[in-house]
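Here is a walk through a structure, taken one region at a time. Please keep the sequence and the 3D view open while reading.

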Amino acid sequence: MARREAPEINAGSMADIAFLLLIFFLVTTTMDVDKGISRKLPPIIEDEQEKPPPIKEKNVFVVLLNSQDGLFVEDDYMDIDDLREAAKEFIDNFGKDPLSSDNPNKAVISLQNDRGTSYEMFIAVQNELTAAYNELRDEEAMRVHGVLYSELAKDDKKEIQSKYPMKISEAEPVSLGG
Amino acid sequence: MSRFKRKGKGGTPAISTASLPDIVFMLLFFFMVTTTMREVTLLVKNTKPFATEIQKLERKSLVAYLYAGSPKNRLQGQYGSQPKLQLNDSFADVTQIAQWVETEKEAINEAERPLMTVSIKADRDTKMGLISDIKQELRKAQALKINYSVRPGEIFSDQK
C-alpha cells in the first residue's frame, strides 16, 4: 500500500479560539488592586492592672468627629483642610509651645468618632493624619539623607520611623451625639 | 495593451494574517496573568472612599476581606437598606466575625498566621457604628492587623 502523508491540520481557526479565550478573560478581569490605609488595632486589655501608664494631656492631640461629620480638634472646630498642618505642628513641636507635645516620640493622636460619623469622613481624617506623619518623615529624610523617605534603605527607614513613630489611637466607640 | 489587462499580480499583496494568532495569544496571556477572579459575589454597595496616603497590600494569600455597606438595590426589599456586614458570600452578624477569622486563619500556613491582615472594604456611606463594631470584634478575635481599603485619589475628590 502506498503511504499517504497525513494531511496538515488547518490552523486558520486558531485565532478564533484565542479570541474567544481573550474575550472571556477581558470580561472576567477586574484588575482589583488592593490599596488602603493600614492600621494596627490595640489588643483588648482584660486585666485592669495592666492598663498603660497615663499620658500627659499636653501630649495628646484630640481629634473628634461628631455624628454630623463635624471635625473638632482640641475642642475647637476645624476645617479638614487645616488638619494636616495642625497635626504636623503638634507632632513637631519639641516643647516650643508649652501646651503642645514634648517631642514626636511622646506625641499621641487620639481619634474619636461617633457611631453616626460617616466612613468617608473617618477615612479622610485618617488620611490627613497619616499624611502629616509621612510629610514629617519625608522632611527628616530630606534633612539627614537628602532623599525622600520612600527611597531610603530599610535601616534608614527604621531610624526615621523611630524618630517619628506613628501613634494614632482609635479610641473605643462612644456615642457623642450632637 | 495587454499590460492593462493583467489581473492579480500587480495589486498590493494581501497582508499575511499568519501572525494574528501570536498577537492574540500575547494579549490573552497578559489578561490571564493580570486577572484576579472575584471570589465573592458582592451583595453590598461598595463605593470606596478616596485617600492619598495608601499602602499596597503585599502577599494576597495573607489577606482576608470583609465587606460592609448597604445591600444592593435589588436586595433591599429583602434585607432592608441599613448597612450590613458581608462575610464570604452572605450577610452576617458582627458576632460571626470571630468564627470567620478562625476559618480564614486555618487557610494560612501556621508560621505566617500572625501576619494575617483583614482588609475592610466598606462603602463610603457606611456609618462608623458598624465599622467600630467590626473593629471591636476583630480585636476580640486577635486579628489586629487591618487595612481600610480605599481608592487612590484626593479625599472627597468626586464631591468638590
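Helix 1 of chain A passes helix 2 of chain B in a left-handed crossing. The model is a predicted one. On the side of chain A, the contact is made by A:Met14, A:Ala15, A:Ala18, A:Phe19, A:Leu21, A:Leu22, A:Phe25 and A:Leu26. Helix 2 of chain B answers with B:Leu20, B:Pro21, B:Val24, B:Phe25, B:Leu27, B:Leu28, B:Phe31 and B:Met32. By class, this helix contact has 16 nonpolar residues, with no polar and no charged ones.

The contact between the chains as a whole takes 46 residues from chain B and 40 residues from chain A. On chain B, helix 2, strand 2, strand 6, helix 5 (128-140) and strand 7 each supply at least two residues of the side that touches chain A. Helix 2 of chain B gives the largest share of that side, nine residues. By class, the side of chain B that touches chain A has 25 nonpolar, 11 polar and 10 charged residues.

What is the order of its strands? The sheet is open, has seven strands with mixed pairing, and runs in the order 2(B)-1(A)-7(B)-6(B)-3(B)-4(B)-5(B). Strand 2 (55-56) and strand 5 (90-92) of chain B stand at the edges; each has a single partner strand, so one side of each is left without a neighbour in the sheet.

Begin at the edge formed by strand 2 of chain B. Two bridges join strand 2 of chain B to strand 1 of chain A, and the two strands run antiparallel. Here A:Gly36 stands opposite B:Gln55. Further along, strand 6 (residues 117-122) and strand 7 (residues 145-149) of chain B pair in the parallel sense over three bridges. In this pair, B:Asn147 of strand 7 is the bridge partner of B:Ser119.

B:Ser119 of strand 6 is also the bridge partner of B:Tyr65. Strand 3 and strand 6 of chain B run parallel and are joined by six bridges. Strand 3 of chain B is joined to strand 4 (residues 84-87) of chain B by three bridges, and this pair runs antiparallel. B:Tyr67 stands opposite B:Gln86 of strand 4. Five of the seven residues of strand 3 (residues 63-69) of chain B are buried, so the strand is largely enclosed by the rest of the structure.

Helix 3 (residues 119-144) of chain A lies across strand 1 (35-40) of chain A together with strand 6 and strand 7 of chain B. The helix runs at about 75° to strand 1 of chain A.

Two loop residues remain. B:Asn88 is found in the loop between strand 4 and strand 5 of chain B. B:Asn88 has a positive phi of about 50° although it is not a glycine, and with 15 C-beta neighbours inside 10 Å it counts as partly exposed. In chain A, A:Glu74 lies in the loop between strand 3 (71-73) and strand 4 (76-77). Phi of A:Glu74 is near 45°, a positive value in a residue other than glycine. A:Glu74 is partly exposed, with 14 other C-beta atoms within 10 Å.

Notes: Residues are numbered from 1 along each chain as its sequence is written. Chains are lettered from A and ligands numbered from 1 in the order in which they are written. This is a predicted model: local features need pLDDT of at least 70, side-chain atom pairs count only at pLDDT 80 or more; totals for chains, interfaces and linings use all residues. Two strands pair if DSSP finds at least two bridges between them. Helices (H or I, at least four residues) and strands (E, at least two) are DSSP runs, numbered from the N terminus. Two residues are in contact if their C-beta atoms, placed from the backbone, lie within 7 Å. Axes are lines fitted to C-alpha atoms, for helices over the stretch in contact, and angles run from 0 to 180 degrees between N-to-C directions. A residue is buried if 20 or more other C-beta atoms lie within 10 Å of its own, exposed if 12 or fewer, and partly exposed in between; C-beta atoms are placed from the backbone. A crossing is left-handed if the near helix is turned anticlockwise from the far one by less than a right angle, and right-handed if clockwise. Ala, Val, Leu, Ile, Met, Phe, Trp, Tyr, Cys and Pro count as nonpolar, Asp, Glu, Lys and Arg as charged, and the others, Gly among them, as polar.
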